[in-house]
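Thanks for coming, everyone. I'll take a few minutes to walk you through a structure that is new to this group. Here it is on the screen.

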Amino acid sequence: MKLHVRINGEARELEIAPGAVLGDVLRQLGLTGTKMGCREGHCGSCMVLVNGKPMNSCLLLAAKVEGAEITTIEGLGDVRNPHPIQEAFVEAGAVQCGFCTPGMIISTKALLDNEPHPSLERVREALSGNLCRCTGYAKIFDAVRIAEHKLAKASGNGKSTRRPHRP
Amino acid sequence: MTKTAGTKKTSARPEPNAARETRVVGKPVPKVDGLSLATGRAKFTADEIPPHCLVGMLLLSPHAHAKIKSIDTSEAEKLPGVRAILHHGNVPRIAHTTAGQGFPEPSPWDTFMFDNKVRYVGDRVAAVAAETRDIALQALKLIRVEYEPLPAVFDFEEALKPGAPIIHDEPDITSFLPFDPKRNLAAWAKADVGDIEKGLAEADVVVEGEFETHYYAHAPIEPHVTLTYLDPDGRLVIRTSTQVPFHCRRIVAQTLGIPVRQIRVIKPRLGGGFGGKQEILLEDVCAMLTLRTGRPVLMELNRAQEFTSSRTRHPMRMWAKMGVKKNGEVTAIDFRGILNTGAYGSHGLTVLTNVGSKCLGLLRCPNVRFDGKTVYTNLPVGGAYRGYGATQGMMALGQLIDEAARAIGMDPVEFCLRNHIRAGETHPIFRALGEGREGVDMTIASCGLAECIRLGAERFGWKQRRGKGASMPGPIKRGAGMVILMQGSSIPEIDMAAAIVKLNDDGSVNLYSGATDLGTGADTILAQIVAETLHIPVSDVILTVADTDNSPFDTGAYASSTTYLSGEAARRAAVDLLENMRQVAAEALDVSPEKLDVGEKCFYVHGNPRKTISYEALARRALYSRNQQQLVGHASAISHVSPPPFAAHFCEVEVDTETGVVRVVKYVAAVDCGVPINPKLAEGQTEGAVLNSIGAALMEEYLFNDDGRMLNPTFNYYKLFTPGETPLVETILVPTHEPTGPYGAKSVSEISTNGPLPAIANAIYDAVGVRLRKAPYTPERVLEALEAKRKAEHS
């Protein structure tokens, strides 16, 4: 069947199997920053933004996102032009193995888009669908705080935090 | 400074590792792979799948113990898209161990790719390679297996009784170590130091107890995953989530009966291992499927299989006894234990010996006895797991220390300060318990434990918190507990690491190393060490690592060895290169080499900083103009000692006496890891290790039914801490300088795994006066213990 979506700003028409989950569809497009850690909707490493909302792409049928705007970790930035949240995770030491990191960053993006200055309790709540086995979370919370400041500074400078999508 | 130039021979010798000012070592340099990971660009095993790749899947045993009477694959083979099916009837029968250890592995060779018998629920029965996941799943359902169920044994002690079912009765298994499979004994180890009876007799007080640790999982977020394919020359390439690329290559060659030269193992980015990926679990089967089909094959454990069919923490039942005098002197420690290795003996001996060597040497005590056995049962298989025996042993010893101090009315902090091993001291247990060989005598060269205890107690507020929360009004009580710890850094006289450093046109270098970064930051640490040694920025170090074709040998990422040993190899290789560069610089500047000092990416003549040559200029000279050569440095490192890092952990808990729920409200870990090469990464290792074990202490546990089937192989019922409820850990790094380590470093990754089980138990005791001798400390167990205490008080 056909699926029409915008992925990281680009309109796509895809041929998908009716039972395919969004995570597999994205990974087959080469967007492998979306990880599959459990395929049960528990670990959050497959998280992507669907119309701005963080969702586990491992359980979400691709057919259900017809017409949606999908943002994956690749849509936020790349090594040459990283998103401030991505920079913040590196600065804070919040990246160890890095397998959960894309999902964590997607959840952080969804949070900070809606609440630029969340309390620690809100950060905990917003990330609670993402498991990390390496860090003990302390440095991930630091990263969200650093990202908050980076984003506030960028918007204070009148700079857009939306990154242009590379062709 | 490297002022010892002279001839090439002497200059290749590593410079002495004296403490000195550093530029990049000791700094929180960002992880070299941080941005590629954070942007989702870094490639893990499953992220680069070649075209026409088949999907490999395992058929697993539904029985805890059974003979396979027959396997009929004819229906499955007829299914379009099925390309190969493997089972015991069509693969070579070669005994080996899945434990990725040095050769010869100190684990019994008791495993076959497939066997005609299954020994636990989740054991391998067959494998399928098919065009798609769906076809592979269908094919698994079409394989008809006739089992003859056998009596099974699940309890440590039952397994040792005469008449117990024999789990390994096959004649073709071997071990060069103590091994008696007819009695379900996978290994045993004993050590006797001093005179234990005399020591116990001298004691004013003897405390003792039975303790038990449980089955729990590594639970890396990336499950075990392997991709195999044939390169254009027909060589087998294994791209895999492994901590041990070189052991993987050797063991797959053995298991498949093909030469090592036919195999290349590549470790891409790795999504966490914690010891679980020090194991050859999928690689042999996946490789066999590729050899049979000529096609690329991807195999990945699903989350349930990751729980049941990878590896676990070895559970242990322990009986420990400690004699102390009223003045706090420890006169005897008697430690007996049975380690449950499950159906296969992977790491069964060495985890056991580490229970003794990493715990019993922690205290000054002349009379120590260790008596350990490792038994087979029909349950999931134990393996290497961060902490490696010290976690189990400290669960018991850490509680006994608290009990002993209480028994003589001494603060445990004072007790630990009085009794811990110090720099300049040794302990006979180090020699008595080795890892498949005799142990190694070792004098502690660096020990910051006293400082860890003092600083940790101060930051934690030990005096204010201990003994104060039991009288809180209401059902919730607070308590504080502490524990001291040690681990090792590499396996002495066994582990080896090598490195090569090559100079490029622009003065940058390539580092070739077999070290395996499993998310710990090892690549960053190695880059820092090379950058420091050569006086170049970290960004000038380009890494080629963990690829058996392109890296020199390294035993792998285990035994807390990477920073200490692979780091030392990298440092020596960089020193070797620097001395070779010095010769070229001397030639170019027309001075003798010993007249040259090293500056930022340059050499200059001592006392004449304007007479200088940049690394770029000397590289170009060597590559293009005079006395042409590729400048390169190489070195190997082995260690003759295993310098322990030390730690003191402090923990405060809240115990709800109505529900039994225990909550960690404060946790401080003070760690002496020598010089932390990268403090941010060292903190991260500590925080992650502590949280892993707080989870193990409070909620993570395999639940089995009466048939040995795990009931909760999903994150839904096997809970890891989420960001929502996680306690936060405070880390204090207490630097010392370890003279045998690169820039004074020791290990840091494992030690803090060992703190939470005893520290939390001690804190629970402080809060409510009950001792939890069986982990995890679930609400049920806490309530049970409180109930038993109430009954005892009323009778």
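One term before we start. A salt bridge here is a side-chain nitrogen of Lys or Arg within 4 Å of a carboxyl oxygen of Asp or Glu. Asp47(B) and Arg27(A) make one, with their closest N and O atoms 2.8 Å apart. Between chain A and chain B the count is five salt bridges.

Keep in mind that this is a predicted model. How confident is the predictor in chain B? The average pLDDT there is 96, and 98% of the residues score at least 70. Be careful with residues 1-16 of chain B, though. Their pLDDT stays under 50.

Now the interface. Chain A and chain B bury about 4,000 Å² between them. Carbon and sulfur atoms account for 59% of that. Chain A puts in 46 residues, and chain B puts in 52 residues. Polar contacts link 24 residue pairs across the interface. Which helices of chain A take part?

Over all chains, the whole structure has 69. Look at Lys150(A). One partner is Glu87(A), at 3.7 Å between the closest N and O atoms. Lys150(A) sits in helix H6 and Glu87(A) in helix H3, 63 residues apart. Another partner is Glu91(A), at 2.6 Å, N to O. Glu91(A) lies in helix H3 and Lys150(A) in helix H6, so this pair ties together parts 59 residues apart in sequence. Buried or exposed? Lys150(A) is partly exposed, at 23% relative accessibility. Glu91(A) is also partly exposed, at 41%.

Over to chain B. Arg571(B) pairs with Glu568(B) in a salt bridge, at 3.0 Å. Both lie in helix H17 (residues 562-589), about one turn apart. Arg571(B) has a relative accessible area of 2%, so it counts as buried. Glu568(B) is buried too, at 4%.

Last stop: Gln278(B). It is in the loop between strand S11 (263-266) and helix H8 (283-293) of chain B. Why call Gln278(B) buried? Because its relative accessibility is 3%, and the cut-off is under 20%. A polar atom of the Gln278(B) side chain lies 3.0 Å from the backbone oxygen of Gly100(B). Beyond its sequence neighbours, Gln278(B) has contacts including Thr98(B), His347(B) and Tyr558(B).

Notes: Residues numbered from 1 in each chain as written. Chains lettered and ligands numbered in written order. Predicted model: local features only at pLDDT ≥ 70, side-chain atom pairs only at ≥ 80, totals over all residues. Heavy atoms only, no water. pLDDT = per-residue confidence, 0-100. Contact = heavy atoms within 4.5 Å. Buried area = accessible area lost by both parts, 1.4 Å probe. Polar contact = N/O pair within 3.5 Å; in protein donor to acceptor, adjacent residues only side chain to side chain. Helix = DSSP H or I, 4+ residues; strand = E, 2+ residues; numbered from the N terminus. Buried < 20%, exposed > 50% of the residue type's maximum accessible area, 1.4 Å probe, protein only. Lists of a residue's contacts leave out its neighbours within four places in sequence.
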